Structures are given as C-alpha cells and as structure tokens.
Amino acid sequence: MRHVLKRAGLGIAAAVACAGLMAGLAGCTGGAGVDFGMGGKGRSPEDTIRVMPRDGAKGVAPGDRVEVRVPSGRLERVRVTKVEDAQPARVPGAISEDGLRWRPAPGVRLALAAKYSVDAVALDAHGRRSARHTTFTTVVPEHRFIGYFKPENRSTVGTGMIVSFSFNRPIENRAAVERAIRVTSRPPVEVVGHWFGKERLDFRPRAYWSPGTEVTVGLRLRDVEGAPGVYGIQHKDVGFTVGRSQVSLVDAEEHTMEVRRDGRLLTTVPITAGAPKTTTYNGKMVVTELFDVTRMNGATVGFKDKSGKGEYDIKDVPHAMRLTDSGTFLHGNYWAPASTFGTANVSHGCVGLRDVKGGSAGSPAGWFFDRTLIGDVVEVVNSTDRKVSPDNGLGGWNMDWTRWKAGSALR
C-alpha cells in the first residue's frame, strides 16, 4: 500500500459512489448546484483516528500538543508535514510500541505562521484500513498577516496549475498586497491576479501554461500594510516547473473520460458520474490533492440515516483526486458492479473509476492516478448541473480573460 498522500509535496500545498471524507476533508458535490461538501470540520462519530489539534484549527501555539491516536487496532503510518511554505518539512515523530499513538520526537516544536497537514492510516483488529487527513495552522504574530500558497515550492505540476494565496486575515489594501507578489515565467507570459473576496488571491495566465515552463513567485510582503496596522512578514522566492500537458474530458451523458497527453488521446475510460438528484458540476476543474486511500462518510456532508449515522461509510476509498474545495473528487470505486462504469451515473457528484478493494495499479483508477499530477485539468461536460464556480478549488479557468483581469486590484 502506498502512502496516504501520494506526492505530498506536489500539492501546494466517494453504495453508491461518493460521500464526504472524514472531518471535512471532502464530500461529493451535486444536486442542481447544491453543495454537500465542506459543511463542517467536526469529527464523525464513527471516526476512529483522533488527531490533535483538531481539523481546521487556527492559531495553534508552537508548544501545543500534537498527537494522532486510535482506541484500538494500530496506526500503520502517520505523516505530519509543514506545507505551503518555501521549504516543506516533515515533522519527526514515532508511533508507540503498542501502535495506538503517534507523537513528535522529544523537543520538536511547531513553527510560527505555518500550515501543517496530518495524514494517517490505521488498521483495525481484522486488518481493515481506515484513513484520515487533517490540516491546521499555527499562530501568526499579532498585527501581522501571511499568505499560504499553492503549489508547493520546487514541485512539478500540470499545465492547469493556478497560483493561489489564502490570507490569514482580511486584506483591505488589496492593490498593495497584489503589487508585492510577482509571478514570472520562462518563457514569459502575462500573468494576472484575481481577488475572490478579501482573503484569497489567485494568479494565472490567459491560457494553460506550456509544458516545461519555469514559474517563479516573488513574495515581497514584509512590512506591506495589508489592513490598518496589519503588516506582512514574508520575503522569499518560490517556484515550480510545469510538466507535460494532461487534460481529461469527462462526458457525464456518455459515461466516458477521454485522457489526452500533450494533445494526443491516450485512452477512453468508462466512468460513473453524479446521479440525477446529485449531479456532477460541469466545467474545468484542477487536481489539487492526491490520496492513495482515504475515508468517506456520508454523515460529514448531511447524508444520514434515522439514527444520525452516515448512509455510507467507506473507510478505504482508493485513488482519490480532489477537484473542488467543496468536495468533488475523481476516485476509485470497488463497491459498484463493474457493469456500472460506462453505463450509469450513480454517484453523489464525484466521478468514479473502476477499482478493486485496496487499490490496484492495473485498474482504470490506479492507471489514471499514477499518471496524474497536481495541476492537471479535468473538464466535465453534458451534466445537468451548473458550471463549477471559479473560486471552488482552482476553478479560475471557467472565467474568460476579460472577467479574470477585471478582478485584479491593479486594473
């Protein structure tokens, strides 16, 4: 079994087909634009992997307790990583001899103004896997602001990658902040920023990046006044390289996905998309996270039975690729009959590919997962749902160039 978060440094930083990942990691979207994902960060009652600090926690102090534990069974692997930073770094630590607890190595403290991800896989007494992914951010000094950004420094990404900043405080002086962030490339292209509210700023060129492009992001935010009395702290250069072009076209009506590499059709894969009452968004979506296994539970996104438990709880969804912040995934599906793929739409908004329990590199889902980069584009057509919003994940490619440029504070 591969790591929970495959190529973790490249991120940035789903019986029936789809549900929500535990603790708000994801849920499928669907239903005439109804958004079932990211409805809350609370832990599902069925969740067995407990993480401290809680998922989505902000202002965590450097000395606060960091712990992953299970009440029974054993932890198979745990990875705690500082992400969305100039130098992503794994937090050293160890699983206890009884397998019930992971803690950092003695003397290890969290960094200030940093974002961390936690990825864990546990085995129960019967050898069945369950996975969990959480994130938290540490305290930012008073009267300071920071921009958490993706993609990760020194990563290789797909041609649809959008440089995205999320700020820990509302930015009032957006022009000054945007002016202090410069995105350049070799070969050179025009790159323009677009604000989504006061806490998010994305940058993209007019069209997808050309393969082989080297992109540099210069942050000169130190002492820039983003809001009255609130100043930036970052002064650094980060960069990434654009790999090959891969754009996949999902036809929800035909139940197929065409995978094109550098413009050439590699293969056509049978899929299942959102069912009539929980349809899949149309539009261009960008892969932002890759998980070889993760857990999805309907209770986290409102799909509950009369007892309040999730209508489904799939603890080992294989080959999951996030497409939107609200929870649309393209993922492996081992529980639906093989005849479903290519013939019917049965999911709660995700796109499902045939797979086997535990995940197989030889399955359609495993084949696609192993050939996917953060930043690859998946476009959905012929669904009855609306087009995905430009700020839902890295959905900015659904906005034309004129509208995109109009969202810059420098225009």
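Me: Two strands are said to pair if DSSP finds at least two bridges between them, so what makes β17 and β20 a pair?

Reply: β17 and β20 are joined by seven bridges and run antiparallel, and since the requirement is at least two bridges, they count as paired. Within this pair, Thr216 stands opposite Gly239 in β20. The strands themselves are DSSP runs (E, at least two residues; helices are H or I, at least four), numbered from the N terminus. This is a predicted model, in which local features need pLDDT of at least 70 and side-chain atom pairs count only at pLDDT 80 or more, while totals for chains, interfaces and linings use all residues. Residues are numbered from 1 along each chain as its sequence is written, and side-chain values use heavy atoms, with hydrogens and water left out.

Me: Which strand is joined to β14 by six bridges?

Reply: Strand β14 (residues 181-186) is joined to strand β17 (residues 214-220), and the two run antiparallel. Val183 stands opposite Val217 in β17.

Me: Why is Asp237 called partly exposed?

Reply: Asp237, which lies in strand β20, has a relative accessible area of 47%. Buried means under 20% and exposed over 50%, with partly exposed in between (1.4 Å probe, protein chains only), so Asp237 is partly exposed. Not counting residues up to four places away in sequence, Asp237 touches Val217, Gly218, Leu219 and Arg220 (contact being heavy atoms within 4.5 Å). The C-alpha atoms of Asp237 and Thr216 are separated by 6.8 Å, although the two are 21 residues apart along the chain.

Me: Is Thr135 buried or exposed, and how do you know?

Reply: Thr135, found in strand β9 (residues 129-138), has 18% relative accessibility and therefore counts as buried. Leaving aside neighbours within four places in sequence, Thr135 is in contact with residues including Arg54, Asp55, Lys115 and Tyr116.

Me: What makes a set of residues a nonpolar core, and which members of the largest one touch the most others?

Reply: Such a core is a set of buried Ala, Val, Leu, Ile, Met, Phe, Trp, Tyr and Cys residues joined through side-chain atoms within 4.5 Å. The largest has 57 residues, of which Phe165, Phe167, Val177, Ile181, Val217 and Leu330 touch the most other members. Apart from it lies another core, of 19 residues, among them Val70, Val91, Trp102 and Ala114.

Me: What makes a space in the protein a cavity, and which residues line the largest one?

Reply: On a 1 Å grid over the protein atoms alone, a cavity is a set of points where a 1.4 Å probe fits but cannot get out, and lining residues have an atom within 4 Å of a point. The lining of the largest cavity consists of Phe149, Lys150, Pro151, Glu152, Asn153, Val163, Val217, Val238, Gly239 and Phe240. The largest share of this lining, three residues, comes from β20.

Definitions and conventions: 1 Å grid on protein atoms, 1.4 Å probe; cavity = no way out; pocket = protein on both sides within 12 Å on 5 of 7 lines; lining within 4 Å.
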